[in-house]
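Subject: Handing over a structure

Hello,

Here is the structure I promised to pass on to you. Please have a look at it first, and then read on for what turned up in it.

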Amino acid sequence: MADLDNKSTNLLAGETANLEEQLQGWGEVILVADRVLRWEKTWFPAAVIGTVSFVFLMVYYLDPSVLSGVSCFIMFLCLADYLVPTLAPRIFGSNKWTTEQQQRFHEICSNLVKSRRRVVGWWKRLFALKEEKPKVYIITMISSLAVVAWIGQQVHNLLLTYFIVSFLLLLPGLNNQGIISKYIGMGKREINKLLKQKEKKNE
């Protein structure tokens with residue numbers, strides 16, 4: 001068991017080191033984005049929502065075709081991938097990179113690797129369910145996709161995408177401020193109260 005834990009830890013460290021090397025040119029930008037997404041200042045949530053709203057308003061106003069939108073998005077990614085590693089050190093100053101920043105960058109990369117592992121784990125469990133319980137798999141998939149299709153039919157695609165993107169960008173800040181754990185705890189307490197009341201009635 002200890003050997004497996006050590007092997008898993010070594011694999012995690014190796015994957016994290018590889019990701020750090022790949023994202024080294026984006027280090028300064030990632031740290032700034034991390035501070036914004038974790039709401040280190042009170043006006044950061046408003047800035048995030050404002051930026052997302054502006055982007056989606058531009059998309060709504062321009063109303064590009066799917067092909068044009070995908071092409072522009074990929075073009076933006078290519079430009080960012082080319083310009084950011086070149087301009088970031090000049091803007092932020094690579095000589096100001098501190099031990100604390102390096103540690104935070106390492107933590108971010110480690111969290112990204114863990115998140116990727118979770119997604120892969122969920123994907124593998126889904127296929128394991130398909131092999132072990134095909135009926136449960138097909139019922140679950142059809143039900144879930146039917147609900148998603150119904151929601152997509154009721155809400156405009158762009159508006160739904162706006163809500164999803166906004167929620168995902170606000171999620172790190174909500175988690176860092178303890179808001180999510182607060183409401184999860186409140187929900188658990190309410191459920192426990194209901195269960196206790198039901199037990200008392202049964203008695």
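Let me begin with A88, which counts as buried because its relative accessibility is 2% (buried means under 20% relative accessible area, exposed over 50%, and partly exposed in between, with a 1.4 Å probe and protein chains only). You will find A88 in helix 4, residues 66-93 (helices are DSSP runs of H or I with at least four residues, numbered from the N terminus). A88 and W26 are 62 residues apart along the chain, yet their C-alpha atoms are separated by 7.4 Å.

Before you go further, a word on the background: this is a predicted model, in which local features need pLDDT of at least 70 and side-chain atom pairs count only at pLDDT 80 or more, while totals for chains, interfaces and linings use all residues. Residues are numbered from 1 along each chain as its sequence is written, and side-chain values use heavy atoms, with hydrogens and water left out.

Next, the helix pairs. Helix 2 (residues 27-37) packs against helix 5 at an angle of about 80°, and their axes are 10 Å apart (axes are lines fitted to C-alpha atoms, for helices over the stretch in contact, and angles run from 0 to 180 degrees between N-to-C directions). That angle makes helix 2 roughly perpendicular to helix 5 (under 35 degrees counts as roughly parallel, over 145 as roughly antiparallel, 65 to 115 as roughly perpendicular, and the rest as oblique). On the helix 2 side the contact is made by G27, I30, L31 and D34, and on the helix 5 side by Q101, R104, F105 and I108 (contact means heavy atoms within 4.5 Å). These residues divide into four nonpolar, two polar and two charged (Ala, Val, Leu, Ile, Met, Phe, Trp, Tyr, Cys and Pro count as nonpolar, Asp, Glu, Lys and Arg as charged, and the others, Gly among them, as polar).

Helix 5 (residues 99-132) also packs with helix 6 (residues 134-154), at an angle of about 125° and with axes 5 Å apart. Helix 5 and helix 6 are therefore oblique to each other. Here L126, L129, K130, E131 and E132 of helix 5 meet P134, V136, Y137 and M141 of helix 6. This contact has six nonpolar residues, no polar ones and three charged ones.

Back in helix 2, have a look at V36. At 22% relative accessibility, V36 counts as partly exposed. V36 touches F44 and V48, leaving aside residues up to four places away in sequence. V36 and L169 are 133 residues apart in sequence, and 9.7 Å apart in space from C-alpha to C-alpha.

Two loop residues are also for your list:

- W39, in the loop between helix 2 and helix 3 (44-62), has a positive phi of about 60° although it is not a glycine. At 14% relative accessibility, W39 counts as buried.
- D63, in the loop between helix 3 and helix 4, has a positive phi near 50° and is likewise not a glycine. At 62% relative accessibility, D63 counts as exposed.

Finally, helix 7. Its buried residues include Y162, S166, L170, G173 and L174. Helix 7 bends by about 40° at L170, and a proline, P172, follows within four residues (the bend is the angle between axes fitted to the seven residues ending there and the seven starting there). Just after helix 7, G178 takes a positive phi of about 80°.

Enjoy exploring!

Best wishes
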